[in-house]
Amino acid sequence: MNYENILTTTEKGITTITINRPSKLNALNKATINELHNAFKAADEAAETKVIIITGSGEKAFVAGADISEFADFSVENGGKLAAEGQALLFDFVENLSTPVIAAVNGFALGGGLELAMSAHFRVASDNAKMGLPEVSLGVIPGYGGTQRLPQLIGKGRAMEMVMTAGMIDANKALSYGLVNHVVAPEELITLAEKIANKIMRNSSVAISKAIKAVNANFEDGVNGFNVEVEQFGACFGTEDFKEGTTAFLEKRKADFPGK
Ligand code: COA
């Protein structure tokens, strides 16, 4: 598929989606959100894609937020719709994909940019990355899941401080908060994400997709995550991957998972 605002490549099981509006610091306008939805959906459905990496083009920004120029004159109704549609198309969508998504945060991840990184299953960052939710400095609040996912990831008190001050934290603080899992030099960022992706790919993709469901259930209102875990655990026993994984172990060989 041809995109105007993003680039996608698939190589050796890894689909890399790069947001490519460097002159606007990769800000998320409506067109980019739609393209990202299509690219994530296509990658999730592609048998050759085992892991997705999301990053930003250029050395300065992952994503500097939602595109402010697009919503500056919105009404109350339009504002609510912007958040609801964005959450459904991109942020909730990414969090609930069956394929693991790693955000490689390569610079500013602000507002919708940090919200996108937080929708990924986990994050790695370059040492020049800066993260924050500056929305209240614009007279609005995070609308793409930031008020929910930031406290889930770093705790309520730290999230409240970040949201209220609209301040940015650097990569090392993000690491100490648990917001990102690893920090490396900018030139090593994609290599690190690919290295982790390769470790993931050695395992059963079917089991991984069930594990994503079970972990996410911990954060869903009205859902008992332990019950979801029991259900997903049981379902694994009906998969070819389970047969291959256990047989390979007993035969003392490396498993070759069919991904079914
Ligand atoms: N929406 C729309 N355009 C944006 C943007 C956003 N969120 N973030 C950056 N841009 C644009 C700038 O308007 C500028 O465009 P121009 O060259 O046509 O004027 C371009 O990207 C470069 O940004 P600039 O502000 O000149 O870079 P900087 O290095 O001086 O500052 C930031 C970098 C990230 C600190 C600054 O761009 C910023 O504060 N951005 C907004 C962050 C934000 O509030 N995000 C939350 C939105 S809800």
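Visitor: Phe91 and Tyr144: buried or exposed?
Guide: Both Phe91 and Tyr144 are buried. Buried means under 20% relative accessible area, exposed means over 50%, and partly exposed is in between, with a 1.4 Å probe and protein chains only.

Visitor: What should I know about the model itself?
Guide: It is a predicted model: local features need pLDDT of at least 70, side-chain atom pairs count only at pLDDT 80 or more, and totals for chains, interfaces and linings use all residues. Residues are numbered from 1 along each chain as its sequence is written, and side-chain values use heavy atoms, with hydrogens and water left out.

Visitor: How many aromatic pairs are there in the whole structure?
Guide: The search finds 3. Phe91 and Tyr144 are stacked, because their ring centres are 4.4 Å apart and their planes are at 15°. Rings of Phe, Tyr and Trp (its six-membered ring) pair if their centres lie within 6.5 Å; planes under 30 degrees apart count as stacked, over 60 as edge-to-face and the rest as tilted.

Visitor: Where do Phe91 and Tyr144 sit in the chain?
Guide: Phe91 is in helix H3 (residues 76-95). Tyr144 is in the loop between strand E8 (130-132) and helix H5 (146-154). Helices (H or I, at least four residues) and strands (E, at least two) are DSSP runs, numbered from the N terminus.

Visitor: Which residues form an aromatic cluster?
Guide: Phe233, Phe237 and Phe242 form one.

Visitor: Back to H5. What does Arg149 touch?
Guide: Arg149 lies in helix H5. Leaving aside neighbours within four places in sequence, Arg149 is in contact (heavy atoms within 4.5 Å) with Phe91, Asp92, Glu95, Met118, Ser119 and Tyr144. Arg149 counts as buried, at 5% relative accessibility.

Visitor: How far is Lys24 from an oxygen atom of the ligand?
Guide: A polar side-chain atom of Lys24 lies 2.6 Å from such an oxygen. For Lys60, a polar side-chain atom lies 2.5 Å from an oxygen atom of the ligand. Ala66 uses a polar backbone atom, 2.9 Å from a ligand nitrogen.

Visitor: How much of the ligand does the protein bury?
Guide: Taken alone, the ligand exposes 860 Å², and the protein buries 59% of that.

Visitor: And the loop with Leu25?
Guide: Leu25 is in the loop between strand E2 (14-19) and helix H1 (30-45). Leu25 has a positive phi of about 50°, although it is not a glycine. At 26% relative accessibility, Leu25 is partly exposed.

Visitor: Now H11. Which residues are buried there?
Guide: In H11 (residues 240-250), Asp241, Glu244 and Ala248 are buried. They sit on the same side of H11, because they cover an arc of only 65° around the axis. That arc is of the directions from the helix axis to the C-beta atoms.

Visitor: What covers them?
Guide: The cover includes helix H9 (205-217). The face turned away from the buried side carries exposed Lys243, Phe249 and Leu250.

Visitor: What about Lys252?
Guide: Lys252 is in the segment after H11. Its phi is positive, near 55°. Lys252 is exposed, with a relative accessible area of 78%.

Methods: Polar contact = N/O pair within 3.5 Å; in protein donor to acceptor, adjacent residues only side chain to side chain. Areas by Shrake-Rupley, 256 points an atom, 1.4 Å probe, with all protein chains shown as cover.
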